[in-house]
Amino acid sequence: MQERKLEELLEAVFAEREQGRAEVDGVLAHAGAHAEDKSEADFVELESMGLVRRENGRVTLTEPGEKRARDVVRRHRLAERLLKDLLELGESTVESQACEFEHILSQEATDSVCTLLGHPPTCPHGEAIPPGPCCSATARTLRPLVTGLPHFELGVPGRIVFIAPKFHDRMDRLAALGVIPGSPLRLHQRSPSYVIEVGETTIALDPEIAGEVFVKRV
Amino acid sequence: MTRNPPAAAAQSERLDKELREAPRTVILVGNPNVGKSVLFGALTGKYVTVSNYPGTTVEVTRGSAVLDGSPWNVMDTPGTNGLTPMSEDEQVTRDILLWERDYACLQVCDTKNLRRGLLITAQLAEAGVPMVLALNMADEAASRGFQVDAPRLAAVLGVEVVPTVAVERKGLAQIQAALPGARPAKLSVRYDQAIEEALAVVTPLMRETGGLSTRSLALMILGGDDSLRAHLEATLAPAEREQVEEARRRAASRYPESLRFVISKQRLAVVDRLHDQVVVRGARSAASDLGRKLGSWSTHPILGVPILAGVLFACYEFVGVFGAKVAVDFLENQIFYDRLVPWFEAAVRFLVPWKAAQEFLAGPAGVPFREHGGFLVGRYGLFSMGLSYGMAIVLPIVATFFVTFSLLEDSGYLPRLAVMMNKLFKRMGLNGKAVLPMVLGLGCDTMATMTARIMETRKERVIVTLLLALGVPCSAQLAVVFAMLAGVSAAAAAWFAATIVMVLFLVGWLAAKVIPGRGSDFVLELPPLRVPQLGNVAVKTLARIEWYLREALPLFIAGTLLLYVLDRVGGIAWLEQAAAPVVVGVLDLPRQAASAFILGFLRRDYAAAGLFLHYEPFVKAGTMTRAMEVEVVVALVTITLFIPCIANFFMILKERGWKTSLAILGFILPFSVGVGATVNQLMRWLWL
């Protein structure tokens with residue numbers, strides 16, 4: 001089986017599981033464009049390679065399969081963040097390019113992108129990005145271009161690159177205060193609450209919400 | 001229940017008449033903390049009413065003004081950041097704009113925050129609302145080096161733009177002149193194709209409501225505004241609703257973010273372009289820097305603490321000591337008991353010559369009123385207890401609190417207070433805003449329960465109400481607590497304090513887990529610190545006191561009436577009898593404690609009750625035994641955890657409704673006794 005097709009299928013199994021589904025039909029329906037003439041027979045092949053298990057029409061990942069799937073998903077979603085938030089490309093370009101990137105980025109390049117973006121927790125669609133080795137705190141040697149507010153310097157002018165909220169309405173609430181990606185920002189203090197200045201507006205934030213705001217220096 | 005005191009009634013009748021006669025309305029709209037209410041005060045003058053918007057606890061202020069020779073209604077709305085509401089306050093503003101007819105808007109904008117102001121202007125323009133834009137606090141903006149080219153902005157928007165300094169009444173005349181000629185602003189936002197396509201489907205389906213255009217309604221619907229659901233269900237056929245939903249889904253699937261966010265973002269893009277055209281930035285002045293420094297010190301993790309302590313102490317001194325002790329003593333004893341009650345009694349005896357009726361209303365002649373059961377003057381008399389309770393005990397606390405609250409609000413310190421306290425209150429499932437009702441509770445829990453309204457979600461309001469009733473001792477309870485703790489050892493006092501603090505945190509934490517719903521996100525705007533305008537504080541305070549008299553006073557009268565009946569049928573003696581076995585058997589307390597609990601709850605007379613007299617000789621002689629100290633701690637813990645008074649319970653009933661109130665009562669009754677019993681056992685085991 002072609003490398004790309006294999007990765008697309010594993011990715012689809014992973015994504016379907018996030019939605020709480022594992023039916024073979026569903027996985028096939030959702031697998032990406034690179035998996036041409038996909039069929040149930042492909043899973044038989046994947047099973048023989050030791051990457052998936054099949055049981056009464058359901059398909060699950062084995063341990064090696066899980067690892068490969070995680071990496072593909074991680075590359076795809078990091079690419080989305082990079083293309084959308086940093087390069088500000090349109091939605092359709094982001095999607096098609098991310099689908100390419102997920103197959104070609106090396107481990108090293110992936111971790112660099114992840115660091116560059118400040119180890120984002122989610123993709124622009126709100127799905128979790130599986131963390132890589134670079135994401136644990138001890139491994140932070142590279143200076144990231146984009147950081148979460150908790151790691152941003154005090155008093156330095158910055159700009160919001162993206163907001164990755166746990167709840168959508170948080171983003172709406174921030175938008176009503178004029179806080180959106182692209183807004184200039186200055187961090188005043190981290191404790192007892194985060195205090196930021198956006199334009200002439202001073203806003204206090206919970207640490208939890210501050211962790212969801214990603215900024216870069218300007 | 002909505003009886004007005006005569007003066008207020010005459011005033012509101014006069015206002016009602018003026019409002020009926022006025023053909024047009026001007027509605028003030030703007031972001032929070034931009035000086036709307038000051039401008040409102042300057043426009044309207046003396047006669048102002050504050051009332052709750054129907055079905056909510058949000059205050060709306062109404063008044064009248066004469067513009068261009070004819071009378072106008074003027075309405076002040078809660079501060080908002082847009083027409084798609086994120087909170088109850090914002091929904092009230094939106095609903096007013098939606099349902100009122102034939103009005104003009106006066107949008108008040110903080111000049112230095114023009115960007116956020118224009119975000120509202122863009123929405124008012126979409127809604128086709130005739131408006132005038134006031135660029136308020138022009139002086140503050142100038143001192144920050146912020147200049148707005150008002151004529152240019154007016155030319156682009158096609159409406160009058162007036163720079164104002166509301167507190168100095170600058171620009172007022174121009175606003176008065178401009179309002180009759182208000183017209184819709186020209187600031188149209190063209191959205192992405194996907195959104196415009198959806199709008200093309202949804203807009204024609206919307207019905208005119210009076211206030212806002214169909215395009216603006218359609219945008220709210222696309223933004224997923226749940227507060228319009230009922231309106232949609234009432235006006236659209238199921239097939240049409242399905243069309244709307246389908247259009248919304250199709251547009252939403254094009255963006256990773258919520259549609260509401262995408263709409264805000266595209267609006268902001270248009271606003272930013274306009275903003276950059278009309279704003280010129282210069283250097284800041286030194287004065288504005290001082291204000292900013294003070295502002296940042298007040299939330300500083302270290303410097304902020306003494307400031308916080310100072311402010312809380314000042315609040316407590318003013319409300320808790322001056323209001324709740326000095327003023328209450330004066331009004332209750334000097335005015336009511338020494339003068340008004342005897343005068344009133346004499347008047348009753350003079351006006352009602354029949355002996356039987358006299359005795360029913362004012363008790364037998366020559367007997368002190370606390371020792372008989374007269375209907376108007378007596379132990380539970382409507383005048384001697386109900387009115388004196390509401391006017392002499394609670395009113396001074398309410399008045400001093402409202403003054404404090406308005407000062408904190410207008411100075412901009414209130415949200416900073418919340419910032420400082422946020423971490424602490426997070427542990428109780430609340431956020432920093434809860435500090436205010438909690439501190440107020442030390443003065444009067446009944447009042448504090450009313451101010452639980454400042455919390456954003458129902459869940460937080462219920463938790464605040466519960467914790468107030470349970471663990472925050474009011475001034476009457478505190479008086480007894482301090483008096484009794486002075487007579488016991490420091491260790492015993494520590495047992496008491498530790499128990500109460502532990503209970504507060506434990507119950508808060510548990511309540512946050514048990515009560516359904518989500519706490520509100522702590523995203524709070526910190527306005528610059530300013531010197532409060534005394535005139536504005538006075539107007540707000542008076543309007544709120546009038547509101548208190550209308551809303552809360554009837555509760556005290558009703559509570560008294562209930563007590564009167566209970567007393568007459570022997571219910572109070574029966575309650576004491578019923579409580580005695582619990583007090584003696586479960587809490588190991590002397591029998592007199594039962595009447596302390598019952599009378600404390602009913603009459604706020606903790607100190608007068610026998611229990612404390614019981615220990616007094618021992619305290620004086622220094623012969624308190626450890627066992628007695630345990631009794632004192634157990635009694636104090638139980639009294640503190642118990643609901644402070646019957647008026648508090650009525651207030652809970654009024655604010656939270658039957659179900660929640662009964663749940664709170666059903667929890668507190670056994671819980672306070674249970675904690676008392678546990679402390680009793682623990683102390684006897686570990687300490688005795």
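In chain B, the centres of domain 1 and domain 2, taken over C-alpha atoms, are separated by 24 Å. Domain 1 of chain B covers 10-184 and domain 2 of chain B covers 193-281, with bounds that come from an automatic or database domain assignment. Where they touch, domain 1 of chain B puts in 27 residues and domain 2 of chain B 25 residues; two residues are in contact if their C-beta atoms, placed from the backbone, lie within 7 Å. The model is a predicted one, so to speak of local features takes a pLDDT of at least 70 and side-chain atom pairs count only at pLDDT 80 or more, while totals for chains, interfaces and linings use all residues. As for the labels, residues are numbered from 1 along each chain as its sequence is written, and chains are lettered from A and ligands numbered from 1 in the order in which they are written.

On the side of domain 1 of chain B that touches domain 2 of chain B, the elements giving two or more residues are helix 3 (88-99), helix 4 (114-127), strand 7 (146-148) and helix 6 (150-157) of chain B. Helices (H or I, at least four residues) and strands (E, at least two) are DSSP runs, numbered from the N terminus. Helix 4 of chain B supplies the largest share of that side, 8 residues. Sorted by class, that side of domain 1 of chain B has 15 nonpolar, 6 polar and 6 charged residues. Here Ala, Val, Leu, Ile, Met, Phe, Trp, Tyr, Cys and Pro count as nonpolar, Asp, Glu, Lys and Arg as charged, and the others, Gly among them, as polar.

Further along chain B, helix 14 (residues 304-351) packs with helix 15 (residues 355-362) of chain B at an angle of about 160°, their axes 9 Å apart. That makes helix 14 of chain B roughly antiparallel to helix 15 of chain B. Axes are lines fitted to C-alpha atoms, for helices over the stretch in contact, and angles run from 0 to 180 degrees between N-to-C directions; those under 35 degrees count as roughly parallel, over 145 as roughly antiparallel, 65 to 115 as roughly perpendicular and the rest as oblique. The residues that meet are Glu345(B), Val348(B) and Arg349(B) from helix 14 of chain B and Gln358(B), Leu361(B) and Ala362(B) from helix 15 of chain B. By class, this contact has 3 nonpolar, 1 polar and 2 charged residues.

Chain A is assigned domain 1 (3-61), domain 2 (75-139) and domain 3 (146-217). The C-alpha centres of domain 2 and domain 3 of chain A lie 21 Å apart, and 9 residues of domain 2 of chain A are in contact with 8 residues of domain 3 of chain A.

Turning to strands, strand 4 (residues 157-163) of chain A pairs with strand 5 (residues 184-189) of chain A in the antiparallel sense over 3 bridges; pairing calls for at least two bridges found by DSSP. Strand 5 of chain A also runs antiparallel to strand 6 (residues 194-198) of chain A, joined by 3 bridges, and these two form a hairpin with 4 residues between them.

Between the chains, the contact takes 29 residues from chain A and 33 residues from chain B. Helix 7 (168-176), strand 5 and strand 7 (201-205) of chain A each give two or more residues to chain A's side. Strand 7 of chain A pairs with strand 11 (residues 523-525) of chain B, antiparallel over 3 bridges, and Leu205(A) stands opposite Val523(B).
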